Amino acid sequence: MVKMRTVTLIDAINEAMKEEMERDERVYVIGEDIGIYGGVFKATRGLQSLFGPMRVIDSPLSENLIVGSSVGAAAMGLRPVPEIQFSDFITPGMDQIIQQAAKLRYRSGGSFSVPLVIRVCCGGEVGGGLYHSQINEAWFVHCPGLVVIAPAFPYDAKGLLKAAIRDENPCIYFEHKKLYRSIKQEIPDTDFTVPLGKAEIKRKGKDVTIVAYMLMVHKSLEAAEKLAKEGIECEVIDMRTLLPIDKTTILESVKKTGRAIIVQEAPKTGGVAGEISSIITEEAFEYLDAPIKRVTAPDTPPIPFSPPLEHFWLPNADKIIKAVKETMAY
Amino acid sequence: MPISIVVPQLGESVVEGTVGKWLKKEGEKVAKDEPIVEIMTDKINVEIPSPKAGVLAKIIVPENTVVPIGQEIGILAEVGESISNISSSASPAPAKTEIKPQPTQAKPEVRASSSVAVDDDKTDQTRLSPAVRRLVKEHNIDISKINGTGSGGRITREDILAYLDKKPAPSVPKTPVATKAPVFEPKGVSAPISAGPLEEVIPLTFVRKKIAEHMVKSKHTASHVTTWDEADMKKLVEIREKLKEPFQKKHNLKLTYMPFIMKATIFALKEYPNMNASMTEENMIVKKYYHLGMAVGRDVGLIVVVVRDCDKKSILEITREINELGDKARADKLSLHDIQGSTFTITNAGMFGALASTPIINYPEVGILGIHMIQKRAVVVDDQIVIRPMMTMCLSFDHRLIDGHYAVQFLQRVKYYLESPEEWLLNIM
Amino acid sequence: MPVNTKVAGKAKEKLAAPFSAEEGKKLYYYLLKTRTVDEANRKFFRQGKLLGTYFSAVGQEATTVVPTFLSRPTDAIGPSHREIGCSITRGIPLKFMLAHLMAKRTGMDKGKCHPCHYGGLEYRIITPASTMAAQTIVVTGCALAFKIRGEDNIGLGFFGEGATAQAGWHEAMNFAGVQKLPIVYICQNNLWAESVPARLQAAITDYSDRAKAYGFPGITIDGNDVVQVYVTVKEAIARARRGEGPTMIECKTYRWYGHSEIDPADYRPKDELEGWKKKDPIPRFEKYLMDQGMLTPADKTKMVADIEKELEEAFEFADKSPLPAPEEALDDVYAPGTFEDWVKGWLK
């Protein structure tokens with residue numbers, strides 16, 4: 001009988017790191033405020049007292065170095081898990097992520113491996129304003145060589161982080177701060193992983209496919225619940241990995257429902273939703289009974305601070321419901 | 001100033017009704033609040049009182065027509081007023097709910113609150129989506145045969161699939177209107193049915209369709225399991241034999257077993273409260289009141305009447321109420337109040353001679369108790385074979401909420417109370 | 001080693017050599033080989049045999065060959081684009097290096113990367129990217145790995161003076177100082193970052209001054225004095241292995257040719273080059289070794305012949321090697337056995 005425990009998303013992440021560090025001495029974590037303080041969101045709470053300051057390293061205020069030193073350490077056979085405290089601060093580290101981590105294997109003709117996992121705290125609806133709300137996932141989905149991970153539930157968060165740490169590719173792992181403590185789920189007390197690159201249908205339905213990730217999965221499920229009372233059955237797909245995209249799951253669903261809505265917590269232009277919309281049009285055109293819709297934020301920097309501005313900006317269940325109904329009415 | 005007579009909102013989830021009987025003729029005088037027309041919804045008839053005194057100037061929607069809530073069905077004018085300059089809003093096609101050859105006439109029922117005037121014969125065969133084109137090609141369909149139910153008459157994928165399945169046009173609403181979960185599609189009409197020489201086509205009545213819908217919904221929602229037990233009715237039989245004549249004489253009412261069974265059930269429900277509950281996706285709602293539903297057969301079809309606050313009523317009061325409700329049911333005079341709100345239902349298949357059955361739960365309750373014929377049987381009591389009047393009880397329960405052991409134990413308590421009436425009779429007589 | 005001592009350029013010929021004859025000869029061999037190959041590559045480029053571009057390091061050989069010579073094969077090297085000396089001294093076969101320059105499938109990178117980005121895991125040379133100082137950060141990470149693992153391997157970071165203006169460079173130095181990492185940073189100050197003179201790159205003249213800001217010793221030396229480079233780097237490596245932390249060694253040197261072969265370097269004053277050519281490290285070292293009796297003309301002749309032969313064979317190999325097949329562009333994006341369908345889906 002497998003023991004089950006209820007955990008929050010952040011517990012799941014903390015546990016995943018702890019278990020992987022116990023399991024494999026090559027795994028270490030580095031970042032700002034992660035050691036003594038346990039992380040500004042307490043994601044690395046308790047780790048330094050367990051594993052010491054050489055495996056839980058408090059780094060200087062240097063995102064470029066946090067990522068870059070991890071590239072070098074990974075090249076030498078360690079398995080670093082560097083943390084970027086807020087996705088809003090990832091830009092100083094871009095050179096090392098995009099030019100080094102993502103490309104070292106390719107440019108060395110397969111000689112080097114960079115098995116690191118960059119954990120990035122991201123996301124809005126927390127009143128974080130312009131610099132504590134960004135996700136910026138599109139920059140990384142556009143970077144071949146990276147694996148971009150975005151869980152919405154604690155079970156997936158734990159399983160995906162473990163899988164990413166064990167994977168040989170450079171992974172960038174997004175953690176939505178709104179979900180850290182607001183989502184609880186029962187998880188088994190076993191050593192489980194969740195496969196990278198696989199989406200999951202979180203709610204089955206026959207009328208319309210909704211594709212989403214992270215917080216937007218929960219908004220979609222909320223919308224689906226309300227729509228079900230009106231007789232509209234939505235199939236909600238949780239992408240879980242943003243790169244590579246699990247085309248199979250998405251296409252199968254759209255072929256069944258004939259309608260697709262993609263939700264992204266990011267400005268509309270140049271986002272992941274556009275990519276998925278293109279994939280559906282290219283590969284399931286003849287199954288579409290209505291144009292594909294995207295529910296996104298407007299094309300402004302993410303996210304303005306004042307509450308009415310933030311509310312206007314963010315996609316939510318009502319906006320998803322409206323999009324579904326418009327699609328159904330086509 | 002002429003005013004419209006419209007179909008009012010009749011219950012939260014109700015979206016339509018059928019014009020039953022016009023109680024006044026065109027041109028006839030009507031007093032204020034006098035019933036002017038009868039609307040049928042679900043299982044009951046509701047009489048619409050006239051909003052003011054005047055004359056029923058025009059009947060717009062004839063009898064036996066399905067109309068959405070809010071639809072204008074007639075015009076009331078003042079005495080002597082002319083209504084020639086009145087134009088009515090979009091009138092639904094005069095379709096009967098029986099099977100008719102033309103499928104297009106079913107469409108107005110779908111657009112409950114749409115303001116778009118629908119021209120039923122206009123199907124847009126130009127806006128074909130990729131999915132539709134593919135299906136048309138794959139199945140070699142002549143699209144001129146397809147009725148488009150999409151916006152602007154667009155032929156949708158569902159229209160093609162429905163055509164392929166030879167089912168009626170789907171009732172998925174294209175406008176934001178609340179509908180029931182699509183387990184049964186009573187609306188709309190299908191392609192004409194051809195009867196063979198040894199077959200008779202009998203159109204389904206409104207009530208029968210509603211019953212069918214209700215049954216299927218229950219079966220498709222709840223996880224039905226039926227467990228049974230039998231009660232030794234010896235003591236109750238003796239009591240009833242003793243009391244039935246004085247009772248009849250004093251109250252002019254027949255004393256049946258039903259009130260006793262209801263009482264026994266309530267005692268058991270108090271001990272097993274989850275049986276007196278209903279389920280939503282996230283919650284269980286346990287009722288602290290006891291409105292027992294009782295299935296009543298009628299020629300037109302089955303209905304469940306409700307005896308409210310059964311726990312607070314005496315055997316006499318329950319008997320009275322059961323009788324009243326039964327009369328009303330047979331005369332088709334039940335109100336919504338009479339048939340709504342039951343928390344647990346009892347169905348008596350025994351009056352027709354059944355020994356056992358597997359009753360269908362009265363949605364959205366979680367249990368239904370089927371009682372049956374009391375029959376003298378040979379049973380073993382204290383290692384002796386004796387003759388006892390036994391009654392089989394079959395309890396169907398919703399296994400999503402109620403586990404087997406809970407249901408079995410509940411039924412055992414019903415049995416106990418039926419077999420030991422002396423425990424509780426004195427409290428309530 | 002005294003901190004921040006500025007030692008003047010002359011090799012101490014009269015003192016005993018800090019290495020054995022065997023070592024000295026070997027060191028000379030690598031220096032000569034680097035020079036020979038570099039000049040040959042320049043010729044090949046002008047003959048149209050090489051693709052893309054070529055970055056010659058002629059004149060700077062001592063700054064790369066010597067530290068690599070002093071390192072172990074398990075030490076990590078973080079080069080940029082002018083460290084051909086590191087690759088040759090570490091022993092990357094010439095044939096693969098030339099194949100790389102010709103963008104052939106047989107190059108270490110299988111034709112994927114920009115010319116002069118030699119490297120490979122087995123040589124522990126981080127295949128460079130073109131962003132300056134990027135490998136400085138990466139090799140700092142290698143040193144971190146060694147420290148975490150408790151291994152006494154070290155990192156060698158190579159960069160020009162221009163790279164020290166990059167933010168990332170400072171982050172690497174800073175972190176190395178904080179964590180006392182086992183690393184030696186070698187700055188080749190050749191006075192020109194492409195066309196930008198050093199005085200526009202920094203307000204200071206001796207870049208080794210920067211090390212002090214990060215809490216570890218910095219020293220400026222004559223980068224064309226092989227012996228001085230040898231002695232200084234050897235001590236710095238020993239320091240690192242002892243766990244005493246990083247050292248920055250600024251080697252004053254000069255590149256003879258343009259930033260790349262298509263750059264005539266007209267921005268430099270003519271007499272500056274002439275002055276530096278007189279300080280050519282290789283003839284100076286040759287003289288030193290011969291004076292020490294460690295090298296004979298016959299040794300040199302043999303070395304030259306061996307190098308020429310190897311070069312000829314390498315060229316032959318590279319020239320005859322195939323270019324990669326077009327679909328090989330889709331290889332090596334992800335680790336083998338992962339997500340290949342995703343990338344190869346392009347072919348459908």
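In this predicted model, helix α3 (residues 63-75) of chain A meets helix α5 (residues 134-149) of chain C, with axes that come within 6 Å and cross at roughly 60°. The two helices, α3(A) and α5(C), are therefore oblique to each other, and their crossing is right-handed. On the chain A side, the residues of α3(A) that meet α5(C) include Leu65(A), Gly68(A), Val71(A) and Ala75(A); among their counterparts in α5(C) are Ile137(C), Val138(C), Gly141(C) and Leu144(C). The contact of α3(A) with α5(C) comprises 11 nonpolar, seven polar and no charged residues.

At the level of whole chains, the contact takes 39 residues from chain A and 39 residues from chain C. Helices α3, α4 (94-101) and α5 (104-107) of chain A each supply at least two residues of the side that touches chain C. The largest share of that side, nine residues, comes from α3(A). By class, the side of chain A that touches chain C has 14 nonpolar, 18 polar and seven charged residues.

| Helix pair | Axes come within | Crossing angle |
|---|---|---|
| α3(A) and α5(C) | 6 Å | roughly 60° |
| α1(B) and α2(B) | 8 Å | roughly 25° |

Helices α1 (residues 130-139) and α2 (residues 157-165) of chain B cross at roughly 25°, and α1(B) and α2(B) are therefore roughly parallel to each other. The crossing of α1(B) and α2(B) is left-handed. Ala131(B), Val132(B), Leu135(B), Val136(B) and His139(B) from α1(B) meet Arg157(B), Ile160(B) and Leu164(B) from α2(B). By class, these residues divide into six nonpolar, one polar and one charged.

Chain C contains 13 helices and seven strands, and 52% of its 348 residues count as buried. Of the contacts in chain C with a separation of 6 or more, 75% are accounted for by residues 24 or more positions apart. Strand β7 (residues 247-252) of chain C has six of its six residues buried, so it is largely enclosed by the rest of the structure. Both faces of β7(C) are covered, with Thr247(C), Ile249(C) and Cys251(C) buried on one side and Met248(C), Glu250(C) and Lys252(C) buried on the other. Strand β3 (residues 183-189) of chain C pairs with β7(C) in the parallel sense over six bridges, and Asn189(C) has Lys252(C) as its bridge partner. Strand β6 (residues 218-222) of chain C also pairs with β7(C) in the parallel sense, over five bridges; here Ile221(C) stands opposite Cys251(C).

Chain A holds an open sheet of five strands in the order β9-β11-β10-β13-β14, with mixed pairing. Strands β9 (200-203) and β14 (293-297) stand at the edges, each with a single partner strand, so one side of each is left without a neighbour in the sheet. Neighbouring strands of this sheet are turned by 25° against each other on average, direction ignored. Helix α8 (residues 215-228) of chain A lies across β9, β10, β11 and β13 of chain A and runs at about 170° to β11(A). Helix α10 (residues 272-284) of chain A lies across β10, β13 and β14 of chain A, running at about 160° to β13(A).

Note on methods: Residues numbered from 1 in each chain as written. Chains lettered and ligands numbered in written order. Predicted model: local features only at pLDDT ≥ 70, side-chain atom pairs only at ≥ 80, totals over all residues. Axes fitted to C-alpha atoms, helices over the stretch in contact; angles between N-to-C directions. Helix = DSSP H or I, 4+ residues; strand = E, 2+ residues; numbered from the N terminus. Parallel < 35°, antiparallel > 145°, perpendicular 65-115°, else oblique. Left-handed = near helix turned anticlockwise from the far one by under 90°. Contact = placed C-beta atoms within 7 Å. Nonpolar A, V, L, I, M, F, W, Y, C, P; charged D, E, K, R; others polar. Buried ≥ 20, exposed ≤ 12 C-beta atoms within 10 Å, placed from the backbone. Pairing = 2+ DSSP bridges.
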